[in-house]
Amino acid sequence: MVSDTTLTQTAQRRPRLATYPVGVRNQRQVVDHALQRRALLAEVYAGRVGTMEVCDASPYLLRAAKFHGQPSKVTCPVCRKEPLTLVCWVYGDEIKHLSGSARTAEELARMSTMFGEFRVYVVEVCRTCSWNHLVQSYVLGTGDVDDHGPRRRTASE
């Protein structure tokens with residue numbers, strides 16, 4: 001039987017990603033992509049996938065990491081030279097011109113009180129080797145979705 005102290009020690013040894021880069025209470029529909037990340041890294045470590053295939057961050061993503069990113073405590077799993085940077089991208093119909101842009105944690109907290117609903121995608125980026133991977137996605141906002149479009153009718157109507 002495993003004791004509580006053994007479980008605590010094991011949990012402390014494992015590196016943890018910053019699961020929620022923003023301390024906003026109204027996060028919902030959280031999707032974590034950790035299993036996909038581990039599978040891809042296993043393929044890289046086994047030599048079935050080349051590093052050039054996974055270290056392909058665009059210059060736009062690298063620039064966003066520099067100016068809007070939040071440093072994490074996790075070292076890059078490919079080059080092992082520097083900590084990864086977390087970049088939050090926002091998308092949604094309600095946020096109009098802000099959709100498709102990178103935002104800081106403070107901006108996300110502010111936006112979550114101003115808009116009804118928008119989706120946030122958190123991408124980890126290594127600014128040295130250009131490794132990048134989607135870490136998680138979630139929905140933020142007040143929950144008051146302002147739907148001015150025509151209402152869809154269901155089959156029962």
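This dialogue walks through several features of a predicted model.

Visitor: Which strands does strand 6 pair with, and in what direction do they run?

Guide: Strand 6 has two partners to look at here. Strand 1 (residues 28–32) is joined to strand 6 by three bridges, and the two run antiparallel. Within that pairing, Asp-32 stands opposite Gln-136. Strand 5 (residues 118–125) is also antiparallel to strand 6, with eight bridges between them. There, Phe-118 faces Leu-140 as its opposite residue.

Visitor: How many residues lie between strand 5 and strand 6 in the hairpin?

Guide: Six residues separate the two strands of the hairpin, and Ser-130 in the turn has a positive phi of about 75°.

Visitor: Is strand 6 mostly covered or mostly open?

Guide: In a regular strand, side chains alternate between the two faces of the sheet. For strand 6 (residues 132–140), the count is eight buried residues out of nine, so the strand is mostly covered.

Visitor: Which residues of helix 4 are buried, and which are exposed?

Guide: Read a helix by the direction in which its residues point. In helix 4, the buried residues include Leu-61, Ala-64 and Ala-65. Those three span an arc of only 100° around the axis, which places them on the same side of helix 4. Pro-59, Lys-66 and Phe-67 are exposed on the other side.

Visitor: What covers the buried residues of helix 4?

Guide: The cover includes strand 3, strand 4, strand 5 and strand 6.

Visitor: How many aromatic pairs are there?

Guide: The idea is to take the distance between ring centres and the angle between ring planes. The count comes to three aromatic pairs. One of them is Tyr-60 with Trp-89, a tilted pair at 5.6 Å centre to centre and 40° between the planes. Tyr-60 belongs to helix 4 (residues 59–68) and Trp-89 to strand 3 (residues 83–91), so this pair ties together parts that are 29 residues apart in sequence. Tyr-60 is partly exposed at 48% relative accessible area, whereas Trp-89 is buried at 9%. Phe-115 and Phe-118 form an edge-to-face pair, with 6.4 Å centre to centre and 85° between the planes. Both Phe-115 and Phe-118 are buried.

Visitor: How many disulfides does the model have, and why?

Guide: The test is the distance between cysteine sulfur atoms, with a cut-off of 2.5 Å. The count of disulfides is zero. For Cys-126, the closest cysteine sulfur is in Cys-79 at 3.6 Å, which is too far for a bond. For Cys-129, the closest is in Cys-76, at 3.6 Å and likewise too far for a bond.

Visitor: Are Cys-126 and Cys-129 buried or exposed?

Guide: The relative accessibility of Cys-126 is 0%, so it counts as buried.

Conventions. Residues are numbered from 1 along each chain as its sequence is written. This is a predicted model: local features need pLDDT of at least 70, side-chain atom pairs count only at pLDDT 80 or more; totals for chains, interfaces and linings use all residues. Side-chain values use heavy atoms; hydrogens and water are left out. Buried means under 20% relative accessible area, exposed over 50%, partly exposed in between (1.4 Å probe, protein chains only). Helices (H or I, at least four residues) and strands (E, at least two) are DSSP runs, numbered from the N terminus. Two strands pair if DSSP finds at least two bridges between them. Rings of Phe, Tyr and Trp (its six-membered ring) pair if their centres lie within 6.5 Å; planes under 30 degrees apart count as stacked, over 60 as edge-to-face and the rest as tilted. The arc is that of the directions from the helix axis to the C-beta atoms. Contact means heavy atoms within 4.5 Å.
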